[in-house]
Amino acid sequence: MTGLMAGKRGLIMGLANDKSLAWGIAKALADQGAELAFSYQGDALRKRVAPLAEQLGSDFLIDCDVSDMAALDRTFDALKARWETIDFLVHAIGFSDKNELRGQFVDTSLDNFLLTMNISAYSFVAVTRRARAMMPEGGSILTLTYYGAEKVIPHYNVMGVAKAALETSVKYLAMDLGPENIRVNAISAGPIKTLAASGIGDFRYILKWNEYNSPLRRNVTIDDVGGSALYLLSDLASGVTGEIHHVDAGYNVVGMKAEDAPDI
Ligand code: NAD
């Protein structure tokens, strides 16, 4: 197999179905010759993930709830049992109680604040620490974030706070692991209709707003995200780390509603 990722192996965490950002990324990587393992959360998802993995030539599936540190240890043990080392890792995981992804941030409960921070931000630190031990020659680690970390987006609430923590974690992790030639980056993706996104209040409004007001006047797709992920995970991005790379049709540069934007 030839291609940008020929000879490279890695773990994709967070594939739920063929709408997942992780699917766009996995397809782009496999297309370029990468060998993939997948972790999924719980038996119910295995049924969906297995046929997708098979389409990309992989039968390497590991059950892993990232809020369970013992499960994370088992995941990396399983990975190591089959592959001595890995070259890349994709963390495409986020979670919050959907009852708090509507209404006001001020009403966030302590339990859900901690849960959201744990699964959506801390898990990236926990995963990166374990991945590092399997990257003796260096590697590339990627997570997914959203503009709600930078600016207030209605209903994104505690998820925005967790994404801010995630983005800052990317920078600290990049500094820690840089001397080992392990790069750590994030893609800040524009809104895309996925299972996770369907939990966010008024998500359709967010989609329309971005479509009408971004420079490209469209929403991004999982294939747009996949292309940029391929760049960041391949040697093409060998000089890039600690970066929050926007793949959002340019929306983040815009300061005002577009003059040609229709009413929503
Ligand atoms: P998705 O629902 O397809 O993926 C979310 C994944 O998180 C699922 O596979 C789910 O099983 C996994 N997950 C949740 N809790 C977990 C846990 N405790 N242990 C293990 N896995 C767990 O949705 P998606 O939109 O593809 O989300 C992937 C990432 O992209 C998330 O971090 C999300 O915040 C981010 N993102 C999404 C958008 C968007 O508009 N869809 C935009 C920017 C960033």
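Helices H3 and H4 cross in a right-handed way; that is, the near helix is turned clockwise from the far one by less than a right angle. A quick note on the source: this is a predicted model, where local features need pLDDT of at least 70, side-chain atom pairs count only at pLDDT 80 or more, and totals for chains, interfaces and linings use all residues. Residues are numbered from 1 along each chain as its sequence is written, and side-chain values use heavy atoms, with hydrogens and water left out.

Back to the helices. H3 covers residues 69–82. Its axis and that of H4 come within 10 Å and cross at roughly 35°. Axes here are lines fitted to C-alpha atoms over the stretch in contact, with angles from 0 to 180 degrees between N-to-C directions. Helices are DSSP runs (H or I, at least four residues), numbered from the N terminus.

Next, H4 and H5. H4 is residues 110–132, and H5 is residues 157–177. Their axes come within 9 Å and cross at roughly 20°. That makes H4 roughly parallel to H5, a label for angles under 35 degrees. This crossing is right-handed too.

Who makes the contact (heavy atoms within 4.5 Å)? From H4, the residues include Phe113, Met117 and Phe124. From H5, they include Val158, Leu166 and Leu173.

Now the ligand. One of its oxygen atoms is 2.6 Å from an N or O atom in the side chain of Ser20. An oxygen atom of the ligand is 2.9 Å from a polar backbone atom of Gly14. A ligand nitrogen atom is 2.9 Å from a polar backbone atom of Val66. Polar contacts are pairs of N or O atoms within 3.5 Å.

Terms used:
Helix = DSSP H or I, 4+ residues; strand = E, 2+ residues; numbered from the N terminus. Parallel < 35°, antiparallel > 145°, perpendicular 65-115°, else oblique. Contact = heavy atoms within 4.5 Å. Polar contact = N/O pair within 3.5 Å; in protein donor to acceptor, adjacent residues only side chain to side chain.
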